[in-house]
Structure formats: C-alpha cells, structure tokens
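Hi,

Here is the structure I promised to pass on to you. Have a look at it first, and then read on for what turned up.

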Amino acid sequence: MASPGLVASGHPLVTAAAAEILHAGGNAFDAAVAAGFAAAAAEPALTSLGGGGFLLVGMADGRARVYDFFVDTPGRGRRNDSLEPHFVPVTVRFPASEQDFNVGLGSVAVPGNLAGLLQVHETLGHLSLHTVVSPAVRLAREGVPLNPRQAAFLEMLAPIFTLTEGAAAIFAPGGRPPAKGELLRNPDLADTLE
C-alpha cells in the first residue's frame, strides 16, 4: 500500500495510529494529533493528556510555527502563604539509584497537552476530531500489550501510579502493574475521548 507520508514515534502502536490517519486521508497534523492521543493510551509512563509539550511546524510555504502547550505553574498569581502544598513523598527505585519525589495534588501543573492537541487539530487538521482520536479510543478500550520498556517503567513508577485507588485500578489491576505482554487498558480514557 502506497504511503502518503512517513511516521516515526517511540512506540509501534503510536506509529500505527498516525499511519492509519494518513491512510484515511488525514494530513501530517491530523497524524501528529492522532499520535499524541494514542501515546496517552500506549505510553502512559512517558506522556499523557495531563502533561505538556511543544510542536514545531514546518509549513508548505517555508514558514515555521511553534505551538507551545507546555504545562503552567499551579496557583500562579496567588500569594504563597495562601497555598497548601498537598505533597506526598514517594521513593522511586531506579536501576542504579533511588530518588525521592514529592507527588500528589501539589505537584500537578496545569496541563497543556489536551488544549494544544485540540488547537493544532482545529487550526491545521483536515479530518474530523472523532476520526483522529479513534485509534486512541481503540487502544485505550481494547488494551495495549506492554512492551518490555513500558512494563519496566510502570513497575518502577508503581509508587506514583498506585497513589490513588482510581489510578491503581488502571495501572495495577489485581494489586500489581501489568507485566511485559499483558494488556494495559484504560476504559476511562476511552470514554473521555469518545
């Protein structure tokens, strides 16, 4: 099958989602947005719609445009003495060392990924948003078999991914993170995207 473009990503299922959108008649921006949504389902230890990012666009006429949808500081503009930090310390055990992190409500920045992906789709996309997010919906609902890298990340970051009951239900069903080859499903993400 002739390809209308080339796609590269950090995960084969994210690449496949973007390629699917290209084959459906989408443009490069539709494919990039589809990849962003699919990555939230396939690579949750590395990215999410609750994170932030940038997109550098090379337009056909040679102009460049940067979409900045990085995270913002929570509580900005408020006096520091009026804020409660709401931090929970956790220790993450990396292969060569341990590191303490403060997680919880106080560590969460205002996300930009969702707004940024939607803005890119609205201003530069061609296909409907429903079509563009459909690969991500499918991945989240049907599940993604974890590759060795993703399984290792989820195991290593288990103290963070199991901090709340809701997160533990997704990232440690049965009391442990899914192992290599097991499916990671996120029906709540699928419902939200639908």
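Which element gives the most to the lining of the second largest pocket? That is H2, with five residues. Please keep in mind that this is a predicted model.

Let me start with the largest pocket, which holds about 1,200 Å³ of space. Its lining is made up of 35 residues, and Pro44, Ser48, Gly50, Val108 and Phe161 are the ones nearest its centre. Several elements supply at least two lining residues each, including helix H2 (28–42), helix H3 (113–124) and strand E4. H7 has the largest share of this lining, with four residues. Sorted by class, the lining of the largest pocket has 22 nonpolar, twelve polar and one charged residues.

The second largest pocket holds about 250 Å³ of space. It is lined by 15 residues, and Ala32, Gly36, Phe54, Phe69 and Leu117 are the closest to its centre. Two or more lining residues come from each of H2, strand E1 (53–58) and H3.

Val103 counts as buried because its relative accessibility is 9%, and the cut-off for buried is under 20%. Beyond its neighbours within four places in sequence, Val103 is in contact with His86, Phe87, Val88, Val90, Ile160 and Leu163. The C-alpha atoms of Val103 and Pro89 are 6.1 Å apart, with the two residues 14 apart along the chain.

Enjoy exploring!

Conventions
Residues numbered from 1 in each chain as written. Predicted model: local features only at pLDDT ≥ 70, side-chain atom pairs only at ≥ 80, totals over all residues. Heavy atoms only, no water. Buried < 20%, exposed > 50% of the residue type's maximum accessible area, 1.4 Å probe, protein only. Contact = heavy atoms within 4.5 Å. 1 Å grid on protein atoms, 1.4 Å probe; cavity = no way out; pocket = protein on both sides within 12 Å on 5 of 7 lines; lining within 4 Å. Points joined across faces, edges and corners; volume = space filled by probe spheres on them. Nonpolar A, V, L, I, M, F, W, Y, C, P; charged D, E, K, R; others polar.
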